[in-house]
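Subject: Structure handover

Hello,

The structure is below. My notes on it follow.

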Amino acid sequence: MTLFRHKRVMLFGLAALIAFLSGFTDVRLGDLQSVELAVIVSLALSFAQPRQRATISGPKATVDLLPRVLLMLFLLACGSILSLRLSFYPPSDIGLLKQPPWATFVRLVEIAISVASLFIVALGIRNNPRHLKTILTAYAWAGLLNAAWGLISLASYYGGVVLPGVTLATRVPRVAGFFNEGGPLGVYLTGVALIQYVRGPILHHISRRSFWIGMAVIMAGIAGSQSKAAVLVLVLLALLNTLQQRRVELVIAAVLLIFPVAIASNLVEGLNGYYSNFTNFRAEAYERSTDSNLVNGRLMASVLLPRIVEAHPVLGVGIGNYGLVRNDPNILLGLPRTELWDLHGLGLLGYLAELGIPLTLFVLYIYAYPVLLALRSRSWIFLLSSYPLLAALFGVQLNFAYPWILMGVALGALAIEKDHKAIAMRRAVPLRARSEAARRRG
């Protein structure tokens, strides 16, 4: 029993550490992110346990998800192997791990590590509300440190000192925190805002004052990141919450929080810029063929991805291989090639090209799995379950750990809710029996 408790405490501690480290993607050991290192250590400790059974025990929803995830990873591996049939057109001066065939296998390993964090967190919570509280706290503090560091770096930049918490690739410096750029940070911080909402008005883990101070820092971080995707995710989360609860004060609070962030993030201007560049893309591409902001990233991907999907609709080109096939002359059709490592940045839409249509739909189902389970749960659990799907739809890649971690938190919360409902039902049965007996005696 002592050994069993030791394992449970160790798993919970590692889950809390992983939740915290998920916000520090630029803290690395070589090419290995700190959160990935923590997951690897967790898995190694698990396999090192004596007489470890080859089964997984825990809440039913988590255990039922495991074979589905293993099937997803197996199919991703098959796609990686089958992609070796293709001709590749790698940019010059890229590292070994981005060369074929290593690029697809490295990405596959990264995804497996990130998905493993889901189960570590979900099983670390199990049915213990105190564990849930600690993991929520760890995730929130990581987000607050990210936003605060980014805002300090932004203020420092305008004071004449450049710190690494901002990126300067655009006309206006963007808050990046401990991420490589503002876009991913912004979407990450929307999840932190959701956690802060759960910790504050929902579960009352923190005071009202702490809630509003933390939320102000997080929202300022999102605004400073200038992430259009983050604002859209915030809007959809607020809409889902409003539809579920139908409370006027929630609508007002959401508008008061999101509207200033949308203005500060230049949302309308940014979307107009995307539209203008897209409608005039071919002419712009020839005139600005050396502009990496135009010939790399989402804008170029929105033109090239439909061509790749048309050429490889079923099997795709293999996970992580977009940067190796996007320079194919049959895909470019006269558009300028790039000599930089390029990512599509379009989330699940982009994976239509890398995974093919059937496997992308299956990955979509994996993301939607907790949402389907949470349809009749409390609204905050439904929002937690929805966040990973929204993040994936708005550009977060499969190998980022933080959406999977929040999926694990959602599954842990579902297990706690189910356990509480079962206890309430067991208590209600004897009460009904006593009432029935009293009625008969009367």
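**Ser 117 and its contacts**

Leaving aside neighbours within four places in sequence, Ser 117 is in contact (heavy atoms within 4.5 Å) with Ile 18, Val 39, Ala 401, Trp 404 and Ile 405. This is a predicted model, in which local features need pLDDT of at least 70 and side-chain atom pairs count only at pLDDT 80 or more, while totals for chains, interfaces and linings use all residues. Residues are numbered from 1 along each chain as its sequence is written, and side-chain values use heavy atoms, with hydrogens and water left out.

Ser 117 lies in helix 4 (residues 102-125); helices are DSSP runs of H or I, at least four residues, numbered from the N terminus. Ser 117 has a relative accessible area of 0%, so it is buried (buried is under 20%, exposed over 50%, partly exposed in between, with a 1.4 Å probe and protein chains only).

**Helix 7**

Helix 7 (residues 208-225) has 18 residues and should span 26 Å at 1.5 Å a residue, which agrees with its end C-alpha atoms being 26 Å apart. The expected span is 1.5 Å times one less than the number of residues. Among the buried residues of helix 7 are Phe 211, Met 215, Ile 218 and Ile 222. Ser 210 is also in helix 7 and counts as partly exposed because its relative accessibility is 37%. Just after helix 7, Gln 226 takes a positive phi of about 55°.

**Leu 37**

Leu 37 is in helix 2 and, at 34% relative accessibility, counts as partly exposed.

Regards

Definitions and conventions:
Helix = DSSP H or I, 4+ residues; strand = E, 2+ residues; numbered from the N terminus.
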